[in-house]
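Hello,

Please find the structure below, followed by notes on what was found in it.

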Amino acid sequence: MIKFDQVSKTYPGGHRALEKVSFELGNGELAFLTGHSGAGKSTLLKLISVMERPSAGRVFINGVDLNGVSNRQIPFVRRDIGIIFQNHRLLERYNVFDNVALPLVIEGMHHKHIAKRVHAALDKVGLLDKVRCQPSTLSGGEQQRVGIARAIVNSPPLLLADEPTGNLDPELSMEILRLFEDFNRHGTAVLIATHDLGLIARMKYRSLTLNHGRLSQDPLMEGQL
Amino acid sequence: MSLLFKGREAQTSSLHKSWIMGCYFFVLTVFRQGVNSLGEMWRTPMASLMTILVLGLSLTLPATLYIVVKNVQQVSSGFSDAAEISLFVKDSMTEQQTQTLVKRLALYPEVEGVKLISKSKALEEFKRVSGFGQALDYLEENPLPNVVLVTPTSRYRKPQAAQQLLDKLEDEREVEFGKLDIEWLERLNALLSLLKESVVTIALLLLSAVILIIGNTIRLSIMDKKEEIQVLKLVGATNTFIHTPFIWTGVWYGIVGGLVAFMSVAMMLWWLESAVSMVAGVYQSSFVLQGLNGNELLTLLLLAVMLGFGGSFLSVHRYIKDIEPDKV
């Protein structure tokens, strides 16, 4: 699904965020991406969603080299990736329905189909009764789940989550993670960046650990080397 | 259209099977965005009102100047036969000789019409119009000469050509001298063309101001929606999708601003109408103030729409590309 091949990223100004990172995430796999603050977790996710381009090396999604994707094609790459943010990034001007419908509206889907899919997505995250609410009237956990509904509404094959549980208490965090597990069981590949080590420890999934821009623990890759 | 996963196509966009359906949905989306952006302007009336009023006033001034030119032209077109040449016949000439002169002049290819005003007729008219009336009866003889009024053909009405014709006519031996009252017409024409030029200049300045005003308003709107644009880019919106609502907003500003300009011009004309008809009455003329007709209203609106489009297009292409999701 995702393959990094000797990827380095140096920001203008000389800060080296990633150094020669190589790993592979299989189809339908769920993995955690951990590391201290500033270890390069966000940079790695940005490279996958083409918010940044690598300084060296190549990133593949489903075998497609992202270096070969032109700026005009970026929107179409992002339509295949559901992205979830720590601060959920909902649009305050719109209600829950319109927020979740956004990716479908962008694709130009007919509004009858949109309603069906939005309701299905909200049902999955358990917020069907809040469909007409404004995001600001919801609790933090609920807002995060609306953000997740928006990410999965067009059933992308790949989900990226950047600190999805950062602002939530352990119970809510667990709930969110159960959601991700559920999507993963339906065949979606999930990559979750988090520094909540307690959470990772409770779940038996592969974890990629970044340390100062280098991938320090990846048992699968070590096995190959 | 899935770039990375070929098999996904059928799943998400099964509606866009054919190229024509794709176009249809694109137009539908653009149209829907247009309605949405109008609705948004409606929801924030105060912010939009200021911009619309500024635009309306900026468009009112060129429109007013245009109307001034149009009306002055209407007045001056009544003076096209002003290039009339008056030939004063020598006193020594008999009635017979004067008639011959008239006949000869009528044969000139440069001349369209000839009219003789005999001295007796001229005196009668002078008595009637001047108000001296009976005082003129005391004159022993008629002091007025015979006058031949020559109307040149249209080609010879231009100041220079008329002057040449005058020189030629003065060579006739019956003619004492000729008079061509054309200087004031020349001045009027010069003033008129000066006025037209300044209208064009002022219009150009104000119309570029309109583009800048709309561009700036759209820029502020883009800055205001920065976060929204970032989210849109993150969930895979194309630039066209993000640009369209802003372009529409510019176009709506243009349309409403154009209508405001039209209304203020109409109000101004209504206000001036009585004063103008009073002046016209003093000059015993049946002058009617001309407003903007349907075609001119359409032109005004079209121009306003183009300016709105231009202003927002510039802003959108300048500022939206700088808003990237990673630069939070």
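Helices (H or I, at least four residues) and strands (E, at least two) are taken as DSSP runs and numbered from the N terminus. This is a predicted model, in which local features need pLDDT of at least 70, side-chain atom pairs count only at pLDDT 80 or more, and totals for chains, interfaces and linings use all residues. Residues are numbered from 1 along each chain as its sequence is written, and chains are lettered from A in the order in which they are written.

Chain B has 10 helices and 4 strands. From the N terminus, their order is α-α-α-β-α-β-α-β-α-β-α-α-α-α.

The C-alpha trace of chain B spans about 110 × 40 × 30 Å along its principal axes. Of its 328 residues, 24% are buried, meaning that 20 or more other C-beta atoms, placed from the backbone, lie within 10 Å of the residue's own.

Helix α7 of chain B covers residues 183–224, 42 residues in total. From first C-alpha to last, α7 reaches 61 Å, close to the 62 Å expected at 1.5 Å a residue (1.5 Å times one less than the number of residues). Buried residues in α7(B) include B:Val210, B:Ile211, B:Ile214 and B:Ile218.

The UniProt record, an unreviewed entry, places "domain: FtsX extracellular" at residues 84–175 of chain B; such annotations may be inferred rather than shown by experiment. That span is 39% helix and 21% strand, with its end C-alpha atoms 16 Å apart.

Regards

How values were computed:
Buried ≥ 20, exposed ≤ 12 C-beta atoms within 10 Å, placed from the backbone.
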